[in-house]
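I opened this entry to look up two things.

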Amino acid sequence: MKNKKPTIIFIALLTAFTTYISLDTFVISSVYQAEATEMNTKMFDNVEKSEGETDASSGKDSSNSDESQSSKKHHGPENGKHGKKERSSSTDTGTTELSVSDEVAEIGNYSNNDFESTVKEYTVNDTKVYVADVTVNSAETIKTAFANDTYGKNVTDTTSSIASSHDAILAINGDYYGAQESGYVIRNGIVYRSESNGEDVLCLYADGSMKVVDPSTVTAEELVSEGVWQAFSFGPGLVEDKKISVSENDEVGKAMASNPRTAIGMTDEGHYLFVVSDGRSDESEGLSLYELADFMKSLGANTAYNLDGGGSSTMYFDGEVINNPTTTGNSSKERSVSDIVYIK
Amino acid sequence: MAFLYLVATVFMALFGAIYEIFSHEVYSYYMIYAFALPLCLGVLPSLAIGIFDLMIPSPKAARFWAYGIATLTVGSAFKGVLDIYGTTNRLVYVYPIAGAILFASAFLSAGYRRQTDAD
């Protein structure tokens with residue numbers, strides 16, 4: 001027994017540490033800033049509103065097309081796996097093998113004084129893809145929110161809960177900043193994290209432009225001083241200057257398969273695309289990064305960027321989740337995420 | 001000892017393979033090759049000692065060495081879990097640091113002797 005004592009102590013220490021690091025990674029919440037709802041709107045003071053303001057309409061006017069064939073549905077539970085990021089490399093090459101069905105179902109539309117949005121369902125490579133085509137008067141309309149309005153680690157909630165608590169009309173999941181220990185986090189003009197993780201950062205500027213930025217060339221504080229309203233660190237960039245910026249072999253982390261995806265893009269200043277694809281199911285195979293990039297380009301995106309996918313991919317519109325979020329593919333259920341992008 | 005290392009090798013190989021099967025084709029080299037640590041640092045040196053009648057370490061040194069292998073193997077598997085989930089934790093660097101300290105302790109522990117002398 002005496003000879004085994006050191007081994008017993010070692011096993012106990014190794015087990016205890018591994019248990020602690022597991023809890024620290026996946027369970028234990030750390031609140032870095034509560035009530036993280038501040039918005040730095042000063043950057044919009046000098047930005048002229050776009051000429052084509054949307055028509056005033058009294059209240060909501062969302063309507064479903066009679067031809068709509070979308071299957072709005074709901075959930076089931078699971079743990080999620082979202083890929084790790086790798087920098088994209090190659091540029092647009094050759095022909096696309098994207099198979100986009102001719103049938104496009106309009107799920108609904110909405111307009112008010114600040115924005116217009118039309119949501120459609122496409123079928124791309126045997127995958128249902130939901131596209132919200134959004135035109136805004138000001139980039140200020142595109143907001144972000146943290147789960148429980150708290151900036152922290154392992155502070156999560158479903159996209160629909162966060163969206164409904166902020167009276168969002170349209171929302172998608174964000175970059176799940178909480179799963180990473182680094183990567184710029186700039187939300188509503190406020191810097192929450194200025195440590196870079198070396199990955200491409202998507203910046204939405206107050207003037208409505210959108211750009212993929214190398215964080216090694218600029219600090220988060222400098223980005224805000226340049227007028228960055230929102231910044232996301234997941235990636236990679238999908239489309240830059242109208243060219244696909246991922247190769248067919250690129251993937252997020254080591255995920256080589258087709259998966260549910262979330263992406264955001266811009267066709268013109270003030271005109272954006274929120275895109276969520278299903279995947280991992282019999283109905284929807286999922287998209288590779290290249291297929292997603294190709295699809296964004298086919299929609300006319302000048303700039304497009306990959307956000308957290310897999311079980312996180314969720315689109316919320318007019319009070320309900322309109323895609324089929326799933327982690328395992330066996331059941332459909334929203335995953336709790338750390339942040340969303342929304343419009344109201 | 002070689003048998004224990006072999007069991008650990010086989011276990012980690014199966015663990016990594018099964019984990020990868022359920023990871024939606026998201027892979028991690030840390031998970032896939034975690035079995036290589038007990039194999040290269042445990043099984044092969046043990047076989048070499050036996051086959052070529054090399055000096056064998058003292059029980060104390062052998063124990064530290066085994067602890068080091070266990071630490072690195074667990075750390076590699078956990079890093080694989082983080083990679084597949086798509087998250088990070090700086091505490092994972094404790095594993096290679098602790099493993100290096102344990103290996104250094106094994107080398108510093110005196111008392112090597114030939115296997116034939118010990119028999």
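Which residue takes a positive phi in the hairpin of S14(A) and S15(A)? I find Asp241(A), with phi near 55°, in a hairpin that has 2 residues between the strands.

The model is predicted, so I note the terms: local features need pLDDT of at least 70, side-chain atom pairs count only at pLDDT 80 or more, and totals for chains, interfaces and linings use all residues. Residues are numbered from 1 along each chain as its sequence is written, chains are lettered from A and ligands numbered from 1 in written order, and side-chain values use heavy atoms, without hydrogens and water.

I see S14(A) (residues 237-240) joined to S15(A) (residues 243-244) by 2 bridges, antiparallel. Strands are DSSP runs of E, at least two residues, and helices are runs of H or I, at least four, numbered from the N terminus. Pairing takes at least two DSSP bridges. Glu240(A) stands opposite Lys243(A). S14(A) also pairs with S18(A) (residues 303-307), antiparallel, over 2 bridges. There, Val239(A) has Ala304(A) as bridge partner.

Interface next. I count 32 residues of chain A in contact (heavy atoms within 4.5 Å) with 28 of chain B. The rule finds 1 salt bridge across it (Lys or Arg side-chain nitrogen within 4 Å of an Asp or Glu carboxyl oxygen). Glu195(A) and Arg90(B) form that salt bridge, at 2.8 Å, N to O. Helix H1 (residues 5-26) of chain A gives the largest share of the chain A side, 12 residues.
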